[in-house]
Each structure stands twice: as structure tokens, then as C-alpha cells.
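Hi everyone, thanks for coming. Let me put my structure up on the screen, and then we'll walk through some charges and some rings.

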Amino acid sequence: MKFLCVSDQIDPLVYSTSVKERYGNVDAVFCAGDLSMDYVDFIVSAIGRPTFFVFGNHNLEEYKYYNNKNQEGPASPHEQTDFSHSHGADYASNRIIRDKRLKFTLKNGKTTPLLIAGVSGSLKYNNGLCQFTDFQMKCQLLKLIPGLLWNKIRYGRYCDIFLTHASPRHIHDKEDPCHKGFECFNWFIRKFSPSILIHGHIHLYDLQAKRFTQCGSTAVINAYSHILVELKEPNLIKKSRQKGEDFVQNVFTISD
């Protein structure tokens with residue numbers, strides 16, 4: 001299953017009349033924040049694939065349509081009343097999505113939907129919109145646990161794709177207050193072993209800059225501008241009889 005992942009800037013290779021020819025073979029698109037909703041709208045219309053997005057700490061003009069002012073996190077889909085701002089994409093923040101349009105066939109012949117979780121925002125640095133302390137963000141993650149446990153019971157795994165804007169702490173992040181990652185994302189990786197964590201927020205100005213890190217059983221990928229990711233099988237974790245350690249059966253590739 002191939003994904004186009006984008007974040008933080010309008011990429012001329014994507015925002016192009018030839019985008020369908022270039023990326024029309026992807027199965028889904030993941031937008032990791034700091035993108036205008038007009039750009040998301042263009043991607044949905046031009047590529048015509050299931051598209052999922054979260055908000056970052058910029059380009060928040062339409063955040064109000066997804067955010068419930070009475071709570072820290074975004075509103076549920078049932079609380080969103082102005083659907084003219086949906087842009088044809090699925091808002092993944094504070095949700096567990098089991099998308100049956102996107103299915104894997106496992107080696108045992110069973111089919112399984114792609115399992116997606118997500119959260120919006122960055123670490124709080126100036127009290128702006130869509131910024132959270134690490135404690136606030138962990139509270140949002142804790143609310144996802146019932147859905148993650150159901151995934152584990154029903155499908156044998158918690159989550160395939162964890163879509164965020166900020167990165168985990170000490171993975172691709174920086175030391176300035178704005179670009180520090182969330183420590184609670186490391187906790188999420190340890191507990192729920194998503195196959196891939198897709199994030200943005202960290203701009204890459206050097207073509208040699210690192211955008212992929214393996215963290216336990218999770219591939220952490222910086223989606224800045226755009227990147228293609230191919231996941232060949234969900235993250236099925238088993239115990240090694242020799243060493244008693246976890247090993248990963250998923251196989252994926254990344255390319256620009």
C-alpha cells in the first residue's frame with residue numbers, strides 16, 4: 001500500500017497539473033499539518049484518493065470548524081456542523097479510523113482495514129491555537145485507548161498509521177521551544193507500536209537531512225514537503241523464541 005505524505009509547504013511537484021500522472025497510483029494521502037485547506041482540497045480533487053489530515057501550529061483559519069471550544073481537543077465528526085469545510089478529506093485528529101476502502105490481505109488470506117490514529121498541534125510555546133503542553137497531549141492520547149484496544153482485539157494490532165504534526169521528543173525535533181517534540185509520543189510508540197508515525201513541523205533545508213528513524217517497531221517519517229511511503233504489510237509483532245525480543249514483520253520503503 002503506497003502513501004503520499006505531505007506537510008508544511010506547497011510542493012510544486014504536488015501542486016501541479018501533472019500530479020495525477022505523477023502520484024495517481026498512491027492508495028492514500030496523509031497531510032501532516034501546516035497546510036492550507038485549499039491545498040488539501042486540491043490534493044483530494046486532483047488525485048482522488050482517500051486523504052487524511054491533521055492541523056499544525058500554522059494555517060489555522062479553518063481550525064475553528066473542527067475544534068470544540070469546550071474541550072482541549074478537536075470536535076468529533078458529529079459535533080462538526082458546517083460540512084462545507086470538510087474539503088473531501090477525513091480529519092484524523094483525536095480519532096481512530098478503520099478505513100475499509102484501504103485493505104491489506106494478510107498471509108493467512110484474511111483482509112484487514114488500514115488502522116489510523118492522529119492528533120493535531122505542536123508543543124505550547126506562545127499560547128497560540130492548536131498548541132498543547134505534553135500533559136495536555138497525553139490526555140488526548142489516553143482518550144484514544146478504548147479504540148486502540150478494540151483494534152487489538154479485532155485485528156491483532158493497535159494502529160498502522162499514527163498521523164501527527166509534531167515529532168516525538170529527540171526524534172527529528174529541535175531544541176527551540178517551538179520545535180521540541182512530544183515526550184508522550186515516545187510513550188505512544190512503546191505502548192501501541194504503530195507501523196509508521198508520519199509527522200511534519202521540522203523543515204528540511206538540506207537534501208541530506210535525516211527524515212527517517214526506526215524507533216522500536218515504528219518507522220518515524222518526516223513528511224516535510226512530500227515523500228512517498230510504501231507499507232507492504234501491517235506491523236505484526238511477535239516474540240522471538242531465541243532472544244525473547246520483539247521483531248517486526250512489516251516491510252516498507254520510502255522515496256521522494
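Let's start with a charged pair: glutamate 175 forms a salt bridge with arginine 169, and their closest N and O atoms are 3.0 Å apart. By salt bridge I mean a side-chain nitrogen of Lys or Arg within 4 Å of a carboxyl oxygen of Asp or Glu. In general, side chains of opposite charge can pair when their charged atoms come close.

Before going on, a word on what you're looking at. This is a predicted model, where local features need pLDDT of at least 70 and side-chain atom pairs count only at pLDDT 80 or more, while totals for chains, interfaces and linings use all residues. Residues are numbered from 1 along each chain as its sequence is written, and side-chain values use heavy atoms, with hydrogens and water left out.

Back to our pair. Is glutamate 175 buried or exposed? Glutamate 175 is exposed, because its relative accessible area is 52%; the cut-offs are under 20% for buried, over 50% for exposed, and partly exposed in between, with a 1.4 Å probe and protein chains only. Arginine 169 has 14% relative accessibility, so arginine 169 counts as buried.

Arginine 169 also meets the side chain of aspartate 173 in a salt bridge, at 2.7 Å from N to O. Here both aspartate 173 and arginine 169 are buried.

Another one to find on screen is aspartate 160 with arginine 157, whose side chains meet in a salt bridge at 2.5 Å, N to O. Aspartate 160 is at 0% relative accessibility, so aspartate 160 counts as buried. Arginine 157 is buried too, with a relative accessible area of 3%.

How many salt bridges does a search of the whole structure find? The search finds five.

Now for the rings. A pair of aromatic rings is described by the distance of the centres and the angle of the planes. Rings of Phe, Tyr and Trp (its six-membered ring) pair if their centres lie within 6.5 Å; planes under 30 degrees apart count as stacked, over 60 as edge-to-face, and the rest as tilted. That rule gives 18 aromatic pairs.

Take phenylalanine 162 and phenylalanine 185: the ring centres are 5.5 Å apart and the planes sit at 80°, so this pair is edge-to-face. Phenylalanine 162 lies in strand β9 (residues 161-163) and phenylalanine 185 in helix α5 (residues 183-192), so the pair ties together parts 23 residues apart in sequence. If you're wondering about those labels, helices (H or I, at least four residues) and strands (E, at least two) are DSSP runs, numbered from the N terminus. Both phenylalanine 162 and phenylalanine 185 are buried.

Phenylalanine 162 has another partner, phenylalanine 188. Their ring centres are 4.1 Å apart with planes at 20°, so that pair is stacked. This links distant parts of the chain as well, with phenylalanine 162 in strand β9 and phenylalanine 188 in helix α5, 26 residues apart.

Which residues do ring pairs link into a cluster? They are Tyr158, Phe162, Phe182, Phe185, Trp187, Phe188 and Phe192.

One last stop is arginine 95, in strand β5 (residues 95-105). Arginine 95 is partly exposed because its relative accessible area is 24%. The C-alpha atoms of arginine 95 and glutamine 140 are separated by 9.8 Å, and these residues are 45 apart along the chain.
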